[in-house]
Amino acid sequence: MLDISEDGRTWVLSGPASSYAVHVTDRDELLHLHWGPRIGLADAEALAVRPLPDYWPFESPLDGREDYPVEGGPRFVRPALSLRTGERRGTEWAYQGHDTEAGELRLRFRDGDLAVTLHYRMRDDVIERRVTLENHGPAVEVLRADSATWTLPDRDSWRLSQLHGRWGAESRLERSLLTHGEKVIGSRRGHTSHQHLPWVALDTDATEERGEVYGCALGWSGSWRIAVAQLPDARVQITGGAGYDDSGLLTLGTGESYTTPVFAGLWSDGGFGGASRAWHAYQRTHVVPDADQDRPVLFNSWEATEFDISEEQQRALAERAAAMGVELFVVDDGWFGTRTSDRAGLGDWTPNPDRFPGGLGPLADHVHGLGMQFGIWVEPEMVNPDSDLYRAHPDWVQYQPGRKRTEFRNQLVLNLAREDVQEYLWEQLDGLLSSAPIDYVKWDFNRCFSDAGWPEDPYPQRLWVDHVRALYALLDRLRAAHPGVAFESCSGGGGRIDLGVLSRTDQVWTSDNTDPLDRLAIQHGFSQIHPARVMAAWVTDSPNAMLNHRASSLRFRFVSAMAGVLGVGGDLTKWTEGELAEARDWVELYKEIRPVVQRGDLYRLRAPEGGLSSVQYVLGDETVVLAWLQAQRYGEPVPALRLRGLDPSATYECLKTGEVHRGAVLLHHGLRVGLRGDLDATIVRLKRK
Ligand code: DGJ
């Protein structure tokens, strides 16, 4: 809903629970008025006429009050927009008017030949913001063009939540008090990165289920930056967008335009849990394609066979996976070119003739014959120097002339800003998806940008931005041409997870760390922003071969992975008949609880730091509780789990035991789960009677 004042200079966007208001003064300053609980137009108008603080000359009255501070003029805060022409820097705009289209508000400004349009769209309680620059004059260097600046109200002190990590340890939640100055997170790696997810949340005194929480998440899969500034006068501003530095994003020639990625913001007064549920609902409804369709249980070959792949061995794995109830069989790295190790083959997207003499068709048919879908792994943005592609086109990679080409994992990054590279990848991938009945593509990205350069393109080079735009365009084109194919975003585990890639992929690979205990913390962080519907999790072998050699029961591994999109990734040819039979039962149970896990509301009952952790999903009359005990101490019984989201006046039946529980008792006194010893886990299913 959008309310506009009579003079057309004050706007209030409202969702079911929140409002966002801005105002253009008669000096054409764009002031932020409100973000928080719902208000009316009269409230916004009252805020609009409040005088700005009367500061001494060392402060600017505009700082901390503008909705999109540009560089130049009486401002000292971090500018969201920084432009340079041959003559001058900064922006001095004049307000041109507003328009609305399909629920989006657009505020139009102009600085000489440059048009600046600010976009606002309220979806449920998430505001999507972005900016378009259109240049009608001589070239303009865009040093920085952030998607939005978010302004929080004056409060005594703020706390910042962020998700940090590294390879094998992504999405770990960290909370700290915000102090004066700036906290900057981001990626200068060319992809979203394992180090930070592009999300922050701010609160003053929220708990898991109570209190105000402001959250912001960026929809961009390249380098990015979010700066959270505690200003001198109790205000906080969060500015974010594509690119890490201010050293130049791109040049806009005459007639060219640039639209930033979306920076989305959410206000919730339901605590961290309420904010997460709102983010999840938003992504399932507005971001993730086909999110109303549940994701199948998959098998992935990576941990089982790594590069040592043969058709016969994949058939044997497929037969065991099918018998277990798996619905999608994915052949990971090693099926193409001369890819028998990570030293060769990337770039040559045709099946290895020694390993798959008849191409992928016979294996795909076999997998389909077993009643499963068939998927493959690709890493299209990369090339090994030992590949036919690199031998033919050494200049297709990112490089700086006269400098070494840094090889991480023996590979180089293709320059996707080049049209010939874009066309090559389209032809290869379209041909591949047409050559065999392929239902699923795991799209990987296994090194960061390091020598990103493009000798033919003058600085500032567009390749950082254009790489991501080309990736998105390729995914969009492939999805349109092959509508039955689902895509997974992977980047050495969770190195490319953001709202941008999620708007064109069906699920993401959360982490290469498949240890079921470590995963609980990773999944806890992931769930702050993203829904279980996209969070892929595999049950692999014990002891965990990839990370830490920790031994755990099949029960613990399954219950951990069943909190997301369940997959199996162990070497099934080595599993005993007993293990295979147990796994079949877990897969069957997962299929029963899947709609509740993938589409339900998530309540985090206990965080993983303690010995006992638990999540609950609620969908309609059904509730599923997953609980994990790391280690029982002193023989003490584990505490009862106070459930959420239930009707206190209703009764709930345990689908396994038939025991009937009263809603009020579950909510106030809790559910007893009989966990014992080390690394124990359980699932409780309740249905309203
Ligand atoms: C990194 C991924 O995260 C793994 O799952 C696997 O696909 C390897 N790459 C293959 O090279």
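Me: What is the handedness of the crossing of α4 and α5?

Reply: This is a predicted model, and in it the crossing of α4 and α5 is right-handed.

Me: How should I read helix packing in general, and at what angle do α4 and α5 pack?

Reply: Two packed helices are described by the angle between their axes and by the distance between those axes. Here helix α4 (residues 311-324) and helix α5 (residues 361-369) pack at about 10 degrees, with their axes 10 Å apart. α4 is therefore roughly parallel to α5, since angles under 35 degrees count as roughly parallel.

Me: Which residues of α4 and α5 meet?

Reply: From α4 come Glu311, Gln314, Arg315, Ala318 and Glu319, and they meet Pro362, Leu363, His366 and Val367 of α5. By class, this contact of α4 with α5 has 4 nonpolar, 2 polar and 3 charged residues.

Me: At what angle do α7 and α8 pack?

Reply: α7 and helix α8 (residues 463-481) pack at about 30 degrees, and their axes are 11 Å apart. The two helices α7 and α8 are therefore roughly parallel to each other. The crossing in which α7 passes α8 is right-handed.

Me: Which residues in α7 meet α8?

Reply: In α7 they are Gln422, Glu423, Leu425, Trp426, Leu429, Asp430 and Leu433, which meet Ala470, Leu474, Arg477, Leu478 and Ala481 in α8. The residues of the contact of α7 with α8 divide into 8 nonpolar, 1 polar and 3 charged.

Me: How close do the axes of α11 and α12 come?

Reply: The axes of helix α11 (residues 554-561) and helix α12 (residues 577-599) come within 11 Å, crossing at roughly 25 degrees. That angle makes α11 roughly parallel to α12. The crossing of α11 and α12 is right-handed. On the α11 side the contact is made by Leu554, Arg555, Phe558 and Val559, and on the α12 side by Glu579, Glu582, Ala583, Trp586 and Val587. The contact of α11 with α12 divides into 6 nonpolar, no polar and 3 charged residues.

Me: Now the strands. Which strands make up the closed barrel?

Reply: Strands of a sheet pair through backbone hydrogen bonds, either parallel or antiparallel. In this model a closed barrel of 8 strands runs β22-β23-β24-β27-β28-β29-β30-β31, with parallel pairing. Its twist averages 30 degrees from one strand to the next.

Me: Over how many bridges do β24 and β27 pair?

Reply: Strand β24 (residues 373-378) and strand β27 (residues 440-443) pair in the parallel sense over 4 bridges. As a reference point for that pairing, Val378 stands opposite Trp443 in β27.

Me: Which strands do helices α7 and α10 lie across?

Reply: Helix α7 (residues 419-435) lies across β24, β27 and β28 (486-489), and runs at about 155 degrees to β24. Helix α10 (residues 516-526) lies across β29 (507-509) and β30 (535-539), and runs at about 170 degrees to β30.

Me: In what order do the strands of the open sheet run?

Reply: The open sheet has 3 strands in the order β5-β10-β19, and the pairing is antiparallel. β5 (81-84) and β19 (250-252) stand at the edges with a single partner strand each, so one side of each has no neighbour in the sheet. The twist in this sheet averages 35 degrees from one strand to the next.

Me: How many bridges link β10 and β19?

Reply: Strand β10 (residues 140-145) pairs with β19 in the antiparallel sense over 3 bridges. Val142 stands opposite Leu250 in β19.

Me: Next, backbone geometry. Which residues does a cis peptide bond join?

Reply: Tyr459 and Pro460 are joined by a cis peptide bond with omega of about -5 degrees. Pro460 is found in the loop between β27 and α8. The bond from Ser542 to Pro543 is also cis, with omega near -5 degrees, and Pro543 sits in the loop between β30 and α11.

Me: What is phi of Asp28?

Reply: Phi of Asp28 is near 65 degrees, a positive value in a residue other than glycine. Asp28 lies in the loop between β3 (18-24) and β4 (30-37).

Me: Last, the overall layout. Into which domains is the protein divided?

Reply: The division is into domain 1 (67-283), domain 2 (298-599) and domain 3 (606-688). Taken over C-alpha atoms, the centres of domain 1 and domain 3 are separated by 39 Å.

Technical notes
Residues are numbered from 1 along each chain as its sequence is written. This is a predicted model: local features need pLDDT of at least 70, side-chain atom pairs count only at pLDDT 80 or more; totals for chains, interfaces and linings use all residues. Side-chain values use heavy atoms; hydrogens and water are left out. Axes are lines fitted to C-alpha atoms, for helices over the stretch in contact, and angles run from 0 to 180 degrees between N-to-C directions. Angles under 35 degrees count as roughly parallel, over 145 as roughly antiparallel, 65 to 115 as roughly perpendicular and the rest as oblique. A crossing is left-handed if the near helix is turned anticlockwise from the far one by less than a right angle, and right-handed if clockwise. Contact means heavy atoms within 4.5 Å. Ala, Val, Leu, Ile, Met, Phe, Trp, Tyr, Cys and Pro count as nonpolar, Asp, Glu, Lys and Arg as charged, and the others, Gly among them, as polar. Domain bounds come from an automatic or database domain assignment. Two strands pair if DSSP finds at least two bridges between them.
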